[in-house]
Amino acid sequence: MGFSFSNGLSTIVLLLAFLVSIVSANFHQDFDITWGDNRAKVFKQGQLLSLSLDRVSGSGFVSKKEYMFGRIDMQLKLVAGNSAGTVTAYYLSSQGPTHDEIDFEFLGNVTGEPYILHTNVFTQGKGNREQQFYLWFDPTRNFHTYSVIWKPQHIIFLVDNTPIRVFKNAEKVGVPFPKTQPMKIYSSLWNADDWATRGGLIKTDWSKAPFTAYYRNFSFKDLKSSSNSLSSSDNSVWQTNGLDGPARRRLRWVQKYFMIYNYCSDLKRFPQGVPLECRQSRF
């Protein structure tokens, strides 16, 4: 088959776009360190970031840009060893008393005991929508990818591309949904030993400080213009339309074997009935 100049040019353009997307994922360019002095560091020409916590202070960073609808990916390697009392927070948030927020929080534990992944969604300043999970791997040994797909129809939380939670737009029953306020990306490592591990019973062991978490491979994909006709092999369809069959099975697997708290099932907390958004289909 002969060479087609137009096809060759299209390939070059796609390759250049791919390379630009890799280069643009740079912590110097995309984020600002906001607190913690030299406890937050950027390495490897902007490709790796670390946050540390000691007895004096934790540390944190924030994105330079605001984001509105898309897929956000970040790879994290969490504090190893005895991380009890520490919290590594990674979340999207707008500002003000009626802010919106989409949360990952990793609650540390004593050596050999699992982290708890705490998720929450705030709409117009109201949260209290917690779901918590154990992970099916050790998040301190290697980097793992934690993602949010944020669309007007839903918010999907993913771990290594496995969906763990879906928060659907329930405006039709009067529940506000985050869709009018752009959000920045934040992360911090801080001491929360008054509540983080076994409700505050286990305190931070400062003899193990500094505690350090690592970040790499941030990416943002704008989904506002996603086509509904794309192949589901890269999750493009359910990024737009909801979970497909294989993704729903993975979600059920996670929620059956690894979910340890779901506010929608907490009848003691909601004796008058669970919140309205809990009464619709999870998928």
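Guide: The UniProt annotation "glycosylation site", from an unreviewed entry, covers Asn109; UniProt positions are given in the numbering used here, feature names are shortened, and annotations may be inferred rather than shown by experiment. This is a predicted model, in which local features need pLDDT of at least 70 and side-chain atom pairs count only at pLDDT 80 or more, while totals for chains, interfaces and linings use all residues. Residues are numbered from 1 along each chain as its sequence is written, and side-chain values use heavy atoms, with hydrogens and water left out.

Visitor: Why is asparagine 109 called buried?

Guide: Buried means under 20% relative accessible area, exposed over 50%, and partly exposed in between, with a 1.4 Å probe and protein chains only. Asparagine 109 has a relative accessible area of 13%, so the residue is classed as buried.

Visitor: Where does asparagine 109 lie, and what does asparagine 109 touch?

Guide: Asparagine 109 lies in the loop between β7 (101–107) and β8 (116–122), where helices (H or I, at least four residues) and strands (E, at least two) are DSSP runs numbered from the N terminus. Not counting residues up to four places away in sequence, asparagine 109 touches Gly81, Asn82, Ser83, Ala84, Pro114 and Thr197, a contact being heavy atoms within 4.5 Å.

Visitor: Which residues does UniProt list for "active site"?

Guide: The unreviewed UniProt entry lists Glu101 and Glu105. Glutamate 101 is placed in strand β7, and glutamate 105 lies in strand β7 as well.

Visitor: How do you know whether glutamate 101 is buried or exposed?

Guide: The relative accessible area of glutamate 101 is 12%, and therefore glutamate 101 is buried. For glutamate 105 the relative accessible area is 15%, so this residue is buried too. Leaving aside neighbours within four places in sequence, the contacts of glutamate 101 include Tyr91, Asn120 and Met183, while those of glutamate 105 include His118, Trp190 and Trp195.

Visitor: What makes the pairing of the side chains of glutamate 101 and histidine 99 a polar contact?

Guide: A polar contact is a pair of N or O atoms within 3.5 Å, where within protein one must be able to donate a hydrogen and the other to accept it, and residues adjacent in sequence count only if both atoms are side-chain atoms. The two side chains make such a contact at 2.9 Å.

Visitor: What is the reach of helix α4, and what is expected?

Guide: Helix α4 (residues 245–257) has 13 residues and reaches 19 Å from its first C-alpha to its last, close to the 18 Å expected at 1.5 Å a residue; the expected span is 1.5 Å times one less than the number of residues. Aspartate 244 caps the N-terminal end of α4, with a side-chain oxygen 3.0 Å from the backbone nitrogen of alanine 247. The buried residues of α4 are Gly245, Ala247, Leu251, Val254 and Gln255.

Visitor: Why is the link between cysteine 264 and cysteine 278 called a disulfide?

Guide: A disulfide is a pair of cysteine sulfur atoms within 2.5 Å, and the S to S distance between cysteine 264 and cysteine 278 is 1.9 Å, so the pair is counted as a disulfide. Both cysteines lie in the segment after β15 (259–262), so the pair ties together parts that are 14 residues apart in sequence. By this rule the count comes to one disulfide.

Visitor: What makes this disulfide left-handed?

Guide: The link of cysteine 264 and cysteine 278 has -75 degrees about the S-S bond and is left-handed. Cysteine 278 has a relative accessible area of 17%, so cysteine 278 is buried.
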